[in-house]
Amino acid sequence: MKKFLTILILILLAAAVIGYFVYPTVSDQLGRRRDAEIMAAYRAKTAVMDADGKTELFEQAKAWNDSLEQVRMDDVFTEGTSRTSRDYQNRMNVHDGVIGELVIPEISLSLPIWHLSTETPATRKLVHVNTSSLPADGIGENIILAGPGILQAEGIPGEIGLTDDRMLEDLDSMIPGTLIILNVTDRTMVYRVSGIQMLSAAGLKEMDLTPGEGEERMTIISPRKDRRLMVQAERIPVREARTLLAEEDQATFPENWKNVLFLGCPVMIAGLLVLLIIELIRGRIYRLPGEKRPEDEEQQEITGEKKETTEKNPDRIEEVEEQ
Amino acid sequence: MEIYHPRDEELLREMRRVRRSDRRKRLCIGLSILLILSIAAGLFVFHRYYQLAVMHGAAMGGTLPEGTVVIVRKPETGRTYEAGDILLYEKRLAKPVELTILSPKGKTRRYCKYILYRDVGTTRQYFSTAGGTPVWLADQANADVFRSSDEGTVTIATEDLKNGEYHLQEVMASYGQDLLKDPIPFSVNNPVRTQMKRVIAGPGERVVLSPYAETRVNGREIDRSYTSGRTEDAAPEGRRVIVPKERYFVQGDQLSLSLDSRETDYNTVADEEILGRAEFALWPLQCFGDLTGRQTTVAGSETEAAE
């Protein structure tokens with residue numbers, strides 16, 4: 001029993017240590033899977049939408065953009081999210097508050113873009129900021145997206161596993177020229193990163209992000225402790241983006257160590273499981289008729305010894321009972 | 001009467017212990033050999049029929065994003081593929097070679113005629129497509145003739161030329177010019193890309209690309225529930241394709257950003273270029289799952305009039 005408890009404690013300890021290191025990755029992957037399911041539902045909904053319905057969505061977004069006097073960014077990360085208007089929530093609302101999808105192939109990022117609301121604050125999801133342009137596929141836009149993200153070096157152990165907090169973590173590794181893809185219904189808008197800056201929260205709040213004449217821009221903002229990372233990108237034609245992305249469009253064969261990792265590990269785990277099962281049932285199969293299990297024999301020996309001592313000295317039991 | 005001796009019990013117990021330890025040792029060795037053999041056999045079988053591949057770029061949209069690791073089933077002889085299958089293939093992106101030929105005095109050589117040849121060891125072979133299929137002949141009589149344009153430029157399509165060194169030999173000069181005796185060397189160096197894209201039409205099927213309506217295969221609308229973007233961004237001119245024998249019409253799931261069979265230069269994918277069919281996505285977890293059995297057209301959307 002003591003041996004069993006020791007093994008159990010050791011297994012639990014090992015599981016806790018492995019879990020500590022593996023959980024953020026697994027949790028992140030599960031979060032991404034959930035996002036992928038949301039986007040699959042989004043695509044299914046846009047697939048059955050007729051052309052007029054899609055055009056109307058973009059018309060509504062354009063009307064919203066025309067109504068904006070100034071494009072700015074409130075500090076939605078520290079001040080909290082104030083209730084946004086129903087009018088804003090209904091524009092470009094294709095599926096359950098999702099506007100579209102942001103894809104950055106260079107950092108393997110693919111996230112749904114939500115309307116900013118108290119249910120979907122910028123501290124939890126990648127959101128469109130309600131004081132900026134909606135993606136209406138037109139000129140004179142500056143679409144501001146905001147989402148959580150922490151620097152890996154600054155990551156607080158308590159924060160690990162909070163998948164949503166790690167969404168835009170890799171944004172720091174982008175360089176000017178990186179392509180950002182925005183999929184809204186069946187339209188694709190591609191932006192090229194023109195600048196990356198680190199600003200103070202107050203500095204960002206005071207910034208006028210209103211686009212210039214004929215400009216089509218996208219701005220992504222993510223918190224880095226008390227500072228804000230701002231990525232600015234300019235729109236480029238889809239055909240130009242296709243030519244640029246064609247260079248990266250290829251499949252490769254993984255290195256040998258990855259082959260071993262992906263193929264060897266499942267086989268090894270399966271083999272170990274088989275070994276464990278055999279070990280568990282081994283005692284039953286390989287025991288001679290009439291032969292007891294080693295544990296039973298040991299137990300019997302101990303009880304036998306006890307019996308002998310009690311037989312030799314019956315007063316001892318009484319002494320023990322009295323104690 | 002049986003004589004009991006306490007040492008008999010001890011001896012019996014010791015014998016059992018030794019027997020048990022021996023059995024355990026043999027079992028461990030046997031199982032280890034079995035495990036090693038099963039891993040080796042598993043890996044051998046896997047490598048015989050399957051391979052791993054990693055997807056890069058945004059052409060396959062949400063289905064296979066950047067860095068997706070997939071299991072690919074290697075091709076078998078006589079194997080055909082269906083619409084919906086994701087193929088791994090090696091595509092040679094053939095670009096035409098344009099040569100501007102000048103005379104020794106620096107004048108452009110307009111309206112001259114050339115033949116193309118290559119040297120294989122000590123033999124010279126001339127390029128010909130006279131019979132409909134490209135062949136290399138020992139005799140220059142039936143060789144294809146290339147003509148230089150107004151600007152003195154000769155354009156050579158490279159679909160049927162392997163990467164390597166070639167020569168153009170002038171066989172007829174324009175009026176008033178001397179025949180160039182020296183051959184004009186040039187090299188073909190087309191990039192070869194290993195790519196993964198989805199089959200939307202097989203041999204003999206009709207594909208209609210239109211900037212005004214959804215893409216159609218045999219009159220049926222393409223299913224948009226797994227795609228992003230739109231074809232009109234990628235192939236704005238629109239055209240009709242009847243897929244030739246032993247070839248497949250492929251396209252990426254990110255319609256607006258994929259360079260694929262919708263492009264005239266890209267062409268369809270030939271059977272011999274196929275390296276396998278993507279069957280299962282392993283990593284990342286968001287893509288984990290079966291990749292086969294996808295329907296690419298919408299049932300009940302047949303309208304011949306739309307074509």
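## An exposed glutamate in chain B

B:Glu237 is exposed, because 10 other C-beta atoms lie within 10 Å of its own. By the rule used here, a residue is exposed if 12 or fewer other C-beta atoms, placed from the backbone, lie within 10 Å of its own; it is buried at 20 or more and partly exposed in between. B:Glu237 sits in the loop between helix 2 and strand 16 of chain B. Helices (H or I, at least four residues) and strands (E, at least two) are DSSP runs, numbered from the N terminus. B:Glu263 is 26 residues from B:Glu237 along the chain, and their C-alpha atoms are separated by 10.0 Å.

## Model and confidence

This is a predicted model: local features need pLDDT of at least 70, side-chain atom pairs count only at pLDDT 80 or more, and totals for chains, interfaces and linings use all residues. Residues are numbered from 1 along each chain as its sequence is written, while chains are lettered from A and ligands numbered from 1 in the order in which they are written.

Chain B has a mean pLDDT of 87. In chain B, 96% of residues reach 70 or more. pLDDT is the predictor's confidence in each residue, from 0 to 100. For the complex, the predictor gives an ipTM of 0.75 and a pTM of 0.77.

## Domains and sheets of chain B

Chain B is assigned domain 1 (50-91 + 192-306) and domain 2 (97-188). Such bounds come from an automatic or database domain assignment. Taken over C-alpha atoms, the centres of domain 1 and domain 2 of chain B are 37 Å apart.

An open sheet of chain B has four strands in the order 15-14-13-16, with antiparallel pairing. Its edge strands are strand 15 (220-221) and strand 16 (239-242), each pairing on one side only. Two strands pair if DSSP finds at least two bridges between them. Strand 13 (residues 206-209) and strand 16 of chain B are antiparallel, with four bridges. Across from B:Leu209, the bridge partner in strand 16 is B:Arg239.

Strand 10 (residues 164-172) of chain B pairs with strand 5 (residues 113-120) in the antiparallel sense over five bridges. B:Ile115 has B:Gln169 of strand 10 as its bridge partner. Five bridges also join strand 10 to strand 11 (residues 184-188) of chain B, again antiparallel. There, B:Glu165 is partnered by B:Ser187 of strand 11.

## Where the chains meet

Contact joins 44 residues of chain B to 41 residues of chain A. Contact means C-beta atoms, placed from the backbone, within 7 Å. On the chain B side, helix 1 (6-49), strand 1 (50-55), strand 12 (192-201) and helix 2 (231-234) each supply at least two residues. Helix 1 of chain B gives the most, with 10 residues.

That side of chain B has 23 nonpolar, 14 polar and seven charged residues. Ala, Val, Leu, Ile, Met, Phe, Trp, Tyr, Cys and Pro count as nonpolar, Asp, Glu, Lys and Arg as charged, and the others, Gly among them, as polar. Strand 9 (residues 251-252) of chain A pairs with strand 1 of chain B, antiparallel, over two bridges. A:Ala251 stands opposite B:Met55 in strand 1 of chain B.

## Nonpolar cores

The largest nonpolar core has 92 residues. A nonpolar core is a set of buried Ala, Val, Leu, Ile, Met, Phe, Trp, Tyr and Cys residues joined through C-beta atoms within 7 Å. A:Ile180, B:Val70, B:Leu87 and B:Met196 touch the most other members. Apart from this core lies another, of nine residues, including B:Ile115 and B:Tyr166.

Terms used. Contact = placed C-beta atoms within 7 Å.
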